[in-house]
Every structure is written in structure tokens, then in C-alpha cells.
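Please read it alongside the sequence and the coordinates.

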Amino acid sequence: MRILGLDYGTKTVGVAVSDPLLLTAQAVETITRKDANKLRKTLARIEQLIEEYEVDRIVLGYPKHMNNSEGIRCDETEAFKEMLMRRTGLEVILWDERMSTIAAQRTLIEGQVRREHRKAYVDQLASVFILQGYLDSLRTNGGNDE
């Protein structure tokens, strides 16, 4: 089984998936929507990816502020988590995503990706950083996901 990593944003969701051995995270795609509140197609696409990759749990980036406080984006993410759990029946783990987007942007800059092309990849790469952080914690915590 695999784990799906998601970077949930107002109009995009970056998607990554683990390898079957739960060692590495690979970018899959960025799901886009025109309206922040129109999640039906986004959830349907996530369900397709869950089936395609035989996913048994989801790691969802949790956007805390740098001072560890939680804002409106955390509330929106928690609501999305509830939708995912109801729709998929899978466990959804919230994972601190602080610095994942910044790290993704730095990686794209270092890789000399042109500015106009970065936006297409930043959410996917952020989802990779989120999922890889979770996978690394599984190994360092002996399989416990806390």
C-alpha cells in the first residue's frame, strides 16, 4: 500500500504519492479548480488517484503560522480533512507543512526553473516535501506516525 500526500490550497491541491516501501515521495500532479469552494471534482480526482495508486492513508499538509499558531487556513484544512475522510473512508493525518512551499520554491530556483513555470510545479513539490517529512518520521519513530 501507499500513502498520498496533499498540499491543499485555495485553488490548487498538490499531490504526491509514496513508493510501495514507504521510503520516498514522488510528485503526481496539481489539481486545479476555478472556485475555492467547488471541491466536488477535486475530491473525485483524489478518489481516482487513491484507487490508481492503491493508497491506504492520506497525509494532508497543515498550514500553521511560523509562531505555531493556527489561523483560518488551518480551519479550512480541517474542514477539507473531514470531507476527505467521509468521502474516502481513509485515515487522514495532518502534517505540519511550515516551510514546505518555501523549500519547494528554493528547489525550483536552484534547479533553474524559469519564474513563469514555477507556479505549475510548486504545489506538487510542496506535497512531496510534506509526504517525505512524514515518511522520514515513520522511519525515525519506528513506524509510529506521531
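Glutamate 54 is placed in the loop between H1 and S4, where helices (H or I, at least four residues) and strands (E, at least two) are DSSP runs numbered from the N terminus. Its phi is near 55 degrees, a positive value in a residue other than glycine. Most residues other than glycine have a negative phi. With 54% relative accessibility, glutamate 54 counts as exposed; exposed means over 50% relative accessible area, buried under 20%, and partly exposed in between (1.4 Å probe, protein chains only).

The model is predicted, so that local features need pLDDT of at least 70 and side-chain atom pairs count only at pLDDT 80 or more, while totals for chains, interfaces and linings use all residues. Residues are numbered from 1 along each chain as its sequence is written, and side-chain values use heavy atoms, with hydrogens and water left out.

**Strand pairing**

Strand S1 (residues 2-8) has six of its seven residues buried, and it is therefore largely enclosed by the rest of the structure. Two strands are taken to pair if DSSP finds at least two bridges between them. S1 pairs in the parallel sense with strand S4 (residues 55-62) over five bridges, and isoleucine 3 stands opposite arginine 57 in S4. S1 is also joined by five bridges to strand S2 (residues 12-18), and these two run antiparallel. Leucine 4 has valine 17 in S2 as its bridge partner. Three residues separate S1 and S2 in the hairpin that they form.

S2 is joined in turn to strand S3 (residues 25-32) by seven bridges, in the antiparallel sense. Here threonine 12 has threonine 32 in S3 as its bridge partner. The hairpin of S2 and S3 has six residues between the strands, and leucine 22 in this hairpin takes a positive phi near 60 degrees. Leucine 22 is partly exposed, with a relative accessible area of 23%.

**Charged contacts**

How many salt bridges does the structure hold? There are four salt bridges, each defined as a side-chain nitrogen of Lys or Arg within 4 Å of a carboxyl oxygen of Asp or Glu.

| Pair | N to O distance | Relative accessibility |
|---|---|---|
| Arginine 45 and glutamate 29 | 2.7 Å | arginine 45: 25%; glutamate 29: 18% |
| Glutamate 47 and arginine 87 | 2.9 Å | glutamate 47: 28%; arginine 87: 34% |
| Aspartate 136 and arginine 139 | 2.4 Å | aspartate 136: 32%; arginine 139: 42% |

The side chains of arginine 45 and glutamate 29 meet in a salt bridge. Arginine 45 lies in helix H1 and glutamate 29 in strand S3, so this pair ties together parts 16 residues apart in sequence. Glutamate 29 is buried, whereas arginine 45 is partly exposed.

Glutamate 47 forms a salt bridge with arginine 87. Because glutamate 47 lies in helix H1 and arginine 87 in helix H2 (residues 72-88), the pair ties together parts that are 40 residues apart in sequence. Aspartate 136 and arginine 139 both belong to helix H4 (residues 115-140), where they are three residues apart, about one turn of the helix.
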